[in-house]
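Hi everyone, thanks for making time.

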Amino acid sequence: MTNQPMRRSGKKLRRDMVIAACCGVFAASMVGAAYAAVPLYNWFCRTTGFAGTTQVSQQAPGQVLGRTIAVRFDSNVAPGLPWKFEPEQNEIKLRIGEVATVRYKVVNEAARTISAQASYNVTPPQVGAYFDKINCFCFTEQRLKAGETRELAVVFYVDPEIAKDRDQDDLNSITLSYTFYRQRDSAQPVAEAPDTNKSKL
C-alpha cells in the first residue's frame, strides 16, 4: 500500500520534468525563429522579388534585346533626417539587358555629422525578380559631415528573362524608389594627438 503513492509521485515528477523540458525546447525554438526570421525573409525577398525587392548581380547579362523600358527614379528621406536627396535625372529609357548607371546627389543640411542608410524597392512589385543591381549605395551606411554633399551611383539592368514572362508583355515602365533612414550614431572615440611641445620628465 505504501509503495503505490510513491510510484504515483515518481511518475508525476517524471511527467512534470518532461513537460518542463518540452516547454524549454519550445521557448528556445521561438527565440531562434525570431533571430532567423529577418535573414530568411530577406533571402526570400531577394530570391523571388517579393514586395519589389530587387536582385543582385555580379556582371552584365549575355544579351541585349530591342525592347525598351522606361525606368523612373524616386527619392525620399524619412522624417527626422535633415538630408536633401534627389536623382540627377528623373527617368531614362534603356533596352532590356542594357547596363545603366544613374547617379543621385545627397546633401547633409544639418550642422552635425549624421549616418543614414537607404532602403529600396521597385514597382510594379512583381518586376523585382527581373531588376538586377550590379552596384548600389543602399548596401552601405552613408556617414555625411555637416554640409557635406556626396554623389551616389546605382548600376543596374533589366534581366532579359522578363521577355519570357507573358504577364510582363505590356510592361513599359519601372519605378526604382529609395528612402534614406537615419541610423543611430555610434560612439567613435578619437585618439588624441601627442603633444610634442611637452618636455620629457
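Before we start, one term: a residue is called buried when its relative accessible area is under 20%. Also keep in mind that this is a predicted model.

Okay, the cysteines. Cys-138 has 4% relative accessibility, so it counts as buried. Cys-136 comes out at 7%, so that residue counts as buried too. And what do Cys-136 and Cys-138 form? A disulfide, with the sulfur atoms 2.3 Å apart. A disulfide, remember, is a covalent bond between the sulfur atoms of two cysteines. Searching the whole structure turns up one disulfide. Its handedness comes from the torsion about the S-S bond of Cys-136 and Cys-138: that is about 135 degrees, so the disulfide is right-handed.

Now over to the strands. Strand 4 covers residues 91-95, and its side chains alternate. Which ones are buried? If you want a place to look, find Arg-72, which stands opposite Glu-91 in strand 4.

Last stop, Thr-179. You'll find this one in strand 10, residues 173-182. With a relative accessible area of 17%, Thr-179 is buried. And what is Thr-179 in contact with, leaving aside neighbours within four places in sequence? Asn-76, Val-77 and Ala-78, plus Gln-117, Ala-118 and Ser-119.

Note on methods. Residues are numbered from 1 along each chain as its sequence is written. This is a predicted model: local features need pLDDT of at least 70, side-chain atom pairs count only at pLDDT 80 or more; totals for chains, interfaces and linings use all residues. Side-chain values use heavy atoms; hydrogens and water are left out. A disulfide is a pair of cysteine sulfur atoms within 2.5 Å. Buried means under 20% relative accessible area, exposed over 50%, partly exposed in between (1.4 Å probe, protein chains only). Helices (H or I, at least four residues) and strands (E, at least two) are DSSP runs, numbered from the N terminus. Contact means heavy atoms within 4.5 Å. Two strands pair if DSSP finds at least two bridges between them.
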